[in-house]
Amino acid sequence: MKRFTLIFLCVCLAAGLLACQKEPTNTTDQTSDSRDTRETTVPADTGETILPEEPTDPAPVTTAPGDETDANPLIAVSLNPVMEPAEAEDGTVIFQYSYQDVNVYIPQNLPAAQAIQEQMHGLIEESAGTAENIKAWAEENYKGETDWLPYSYSITLTPTLLNSTVLSFSGELWDYAGGVHPNVTLISCSFSPVTGEMLHLRDVLSEEGMVDALYSMVLDKLTEYAATIGTTDSVYQDGYENTVAAHFDLDKPAEENWYLTDTGMTFSFSPYEIASYAVGSIQVELTYGELRGILREPYFPESASYDATLSINSAKAAQIDKSQFENVLPVAASAEGEEIVLFSGTTLYEVRMISGSWVQDQFVDTQTIFAANRMTAEDLLLIRASIPDTQPNLSIVVRTGEGDDRTYFISQSGEDGSILLLDSAGEQSAS
């Protein structure tokens, strides 16, 4: 399986597709930095059309007039989870293939959004071929065992940075076809939201000669990482430096293994690539401070000014006139379920929607299914999901300040079915 996965990865790379708490209680609120709360109510499901709270004349200004959309255009991506199981004639699930239906939204630059989306779809399509092969193995090897463990294949992508300069993803290919353990291959890719083209290492460096300095810095980080696990760089395979060096050959972009985040540039190495499987996946980060002079200036994050007041509103979709919003961003958290909406009277930054489950009193993230660099009063998040009235299975995360994120859990009232946003302290957000 390891050999097969590596063959598949090489195919993808050659194609240029890879480079690519405590349980809450009932609460929803408008909060400011001083934690003041102003109560609003969740619209009841009366069948009436309820518009978001905003004056009709003049239109509200949620940011400094002038260039919010030009300087900080909306960039969003939905990653709708899809599961395709395969059953034997006796009804036993013998194989499961999971992937994401990726949709990119850049309203000010539709051609770039389409180009990025097509490349992401190409990556998924490549994985589908591998999935079919593993499914065939399952059909061949299944002999009616009562303790059969389904073979599986999955490709999971996570947006790590979205802004006017870059749209970056990290992810992994995961397969199991019997044996002691599954195989994992880390993948990554980054795109320009201006041109829609994939970004390669050469594109983000201040000059090509800086690649040697970058390589040396990554080797130093790997040595530091080895020390954190109680050993020296002998944890790595003989000649691992040459394996790492291959990722810094500017003439072979298929060898790239980096992505950008809001704190720096991360380099990743799959199990077996430079160390034993027991060491696992290895990721090291160079902060933007360390990258000064190495990265081109446009790839350094700009300082953001955050609104003093945070407002998030939720309702059932039937209660909202969607035509009142400039951008409607659809997300399918599940194949079935009702439609709900999230919107805001203020500008929200670094918005993430994450699916997960509760382990004791902690919400464990499963998958990021939506991300946006910002949402204004003109943007509506339209979600299809099964919303429980017990433990929430979806969270929405927004940035409220430098290094400060706030998480709300999406639930509904067991009394009237109204949609609730519950914060981690057990309080209900303004809705």
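Colleague: As what does arginine 202 count at 34% relative accessibility?
Modeller: This is a predicted model, in which local features need pLDDT of at least 70 and side-chain atom pairs count only at pLDDT 80 or more, while totals for chains, interfaces and linings use all residues. Residues are numbered from 1 along each chain as its sequence is written, and side-chain values use heavy atoms, with hydrogens and water left out. Buried means under 20% relative accessible area and exposed over 50%, with partly exposed in between (1.4 Å probe, protein chains only). Because arginine 202 has 34% relative accessibility, its class is partly exposed.

Colleague: With which residue does arginine 202 form a salt bridge?
Modeller: A salt bridge is a side-chain nitrogen of Lys or Arg within 4 Å of a carboxyl oxygen of Asp or Glu, and for arginine 202 the closest N and O atoms of the pair are 3.2 Å apart. The pair links distant parts of the chain, 49 residues apart, with arginine 202 in helix α4 (residues 201-204) and its partner in the loop between α6 (240-246) and β8 (258-260); helices (H or I, at least four residues) and strands (E, at least two) are DSSP runs, numbered from the N terminus.

Colleague: Is aspartate 379 buried or exposed?
Modeller: Aspartate 379 forms a salt bridge with arginine 374, the closest N and O atoms being 3.4 Å apart. Arginine 374 has a relative accessible area of 4%, so this residue is buried. Aspartate 379 has a relative accessible area of 1%, and it is therefore also classed as buried.

Colleague: What separates the C-alpha atoms of glycine 345 and asparagine 313?
Modeller: Glycine 345 is found in the loop between β14 and β15, and its relative accessible area of 36% is why it is partly exposed. Glycine 345 and asparagine 313 are 32 residues apart along the chain, and their C-alpha atoms are separated by 8.1 Å.

Colleague: How many degrees lie between the planes of tyrosine 236 and tyrosine 240?
Modeller: Rings of Phe, Tyr and Trp (its six-membered ring) pair if their centres lie within 6.5 Å, and planes under 30 degrees apart count as stacked, over 60 as edge-to-face and the rest as tilted. A search of the whole structure finds 15 aromatic pairs. One of them joins tyrosine 236 and tyrosine 240, a tilted pair at 4.7 Å centre to centre with an angle between the planes of 35 degrees.

Colleague: What is the phi of glutamine 360, given that it is not a glycine?
Modeller: Glutamine 360 is found in the loop between β15 and β16 (362-375), and it counts as exposed because its relative accessibility is 74%. Although glutamine 360 is not a glycine, its phi is positive, at about 55 degrees.
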